[in-house]
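Hello,

Here is the structure you asked about. My notes on it follow below.

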Amino acid sequence: IVDRPNLEGRYQTLLVHTRNIRLAEDVDLKKIAQATAGAVGADLANLVNEAALRAVRMGRQTVNQEDLLTSFEVVIAGTEKKGTVLTDIEKRIVAYHEVGHALVAALQKHTQPVSKITIVPHTSGALGYTMQMPEEEKYLNSRDELLVELRTMLGGRAAEQTVFGIETTGASNDIERATDLARKMVMQYGMSDRIGMVKLGDADTEAFGHGSGEGPRSFSDETAAIIDEEVRRLLDNAMREAWRILSENRGVLDTLASRLLEEETLDEA
């Protein structure tokens, strides 16, 4: 099995793909390798190709760092979708949603730093997104780090509720990812006091639909009910914490959201 490359592997792969491309002096391939955690060789080849095309479109002879970082977003989120026109209220909701993620991440320990927030729609279907860039390659996550991740994922929905008192479909992917992570914490990582240190089948196939014809399930209906309760408890607690963080920092939330509405994209600084 060829696994996804680690930091050094991504750096070496980028060196191969940029061999025949003129790079500007500001290019730091180590930084690009750091930003692309989870990317495989084909993604990196695609990224370099996109960067070269962008440089040509801009009338430049060399590829710079911005070309490479922008191209990474194209690879993960698709190109900017110029034709999507959001109403003013939709734009405000998306702005608060994305700032919700970013603020919950920024105000907790054990998080990956937020490198960019945008409310420009992309062809992947995203109306905006918050990009976090890991400072180092990690292979182990503590329970605290996973709880922080849950709160950050639910920060968008928490912001919608805090500011507008509504819930929108924009949080569907966040909820899907948060539920998946909470299930793994309960069923595979032994991070639930009620379930204890037991691996209960595969979180993806066994839990959803509780024995959906995938073969015999390895736990009882009573245990399945407890798993559901524990997953719900983790998500409810994460949601409450996200609400608390945003309510206590409502001024910052409003300031950042109006700045994002003006500029459409904010960087880390």
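Start at M185. Beyond its neighbours within four places in sequence, M185 is in contact (heavy atoms within 4.5 Å) with R143, L146, L147, L150, G190, M191, S192 and L234. This is a predicted model, in which local features need pLDDT of at least 70 and side-chain atom pairs count only at pLDDT 80 or more, while totals for chains, interfaces and linings use all residues. Residues are numbered from 1 along each chain as its sequence is written, and side-chain values use heavy atoms, with hydrogens and water left out.

M185 belongs to the largest nonpolar core, which has 44 residues. L150, M185 and I227 have the most contacts inside this core. A nonpolar core here is a set of buried Ala, Val, Leu, Ile, Met, Phe, Trp, Tyr and Cys residues joined through side-chain atoms within 4.5 Å. Buried means under 20% relative accessible area, exposed means over 50%, and partly exposed lies in between (1.4 Å probe, protein chains only).

Which elements give two or more residues to this core? They are α5 (88-106), β1 (114-118), α6 (143-153), α7 (155-164), α8 (172-187), α10 (221-248) and α11 (250-263). Of these, α10 gives the most, with ten residues. Helices (H or I, at least four residues) and strands (E, at least two) are DSSP runs, numbered from the N terminus. Another core lies apart from this one and has 16 residues, including L29, I32, A33 and M131.

Next, a loop residue. T36 sits in the loop between α2 (29-35) and α3 (41-57). Is T36 buried or exposed? It counts as buried, at 1% relative accessibility. Leaving aside neighbours within four places in sequence, T36 touches R10, L44, L47 and F72.

Now the charges. Side chains of opposite charge can pair when their charged atoms come close. The whole structure holds 16 salt bridges. The criterion is a side-chain nitrogen of Lys or Arg within 4 Å of a carboxyl oxygen of Asp or Glu.

- E66 and R54: the closest N and O atoms are 3.5 Å apart. E66 lies in helix α4 (residues 65-77) and R54 in helix α3, so this pair ties together parts that are twelve residues apart in sequence. E66 is partly exposed, at 48% relative accessible area. R54 is buried, at 15%.
- R177 and D174: the closest N and O atoms are 3.7 Å apart. Both lie in helix α8, three residues apart, so about one helical turn separates them. R177 is partly exposed at 41%, whereas D174 is buried at 8%.
- R244 and E248: this salt bridge spans 3.1 Å, N to O. Both residues lie in helix α10, four residues apart, about one turn of the helix. R244 is partly exposed at 38%, whereas E248 is exposed at 56%.

Salt bridges with shared partners also join R54, R60, E66 and D67 into one network.

Last, confidence. pLDDT is the predictor's confidence in each residue, from 0 to 100. The protein chain averages a pLDDT of 86, and 88% of the residues score at least 70. Where does pLDDT stay under 50? That happens over residues 210-214, for which the model has seven contacts beyond four places in sequence. Where pLDDT is low, the predicted coordinates should not be read in detail.

Best wishes
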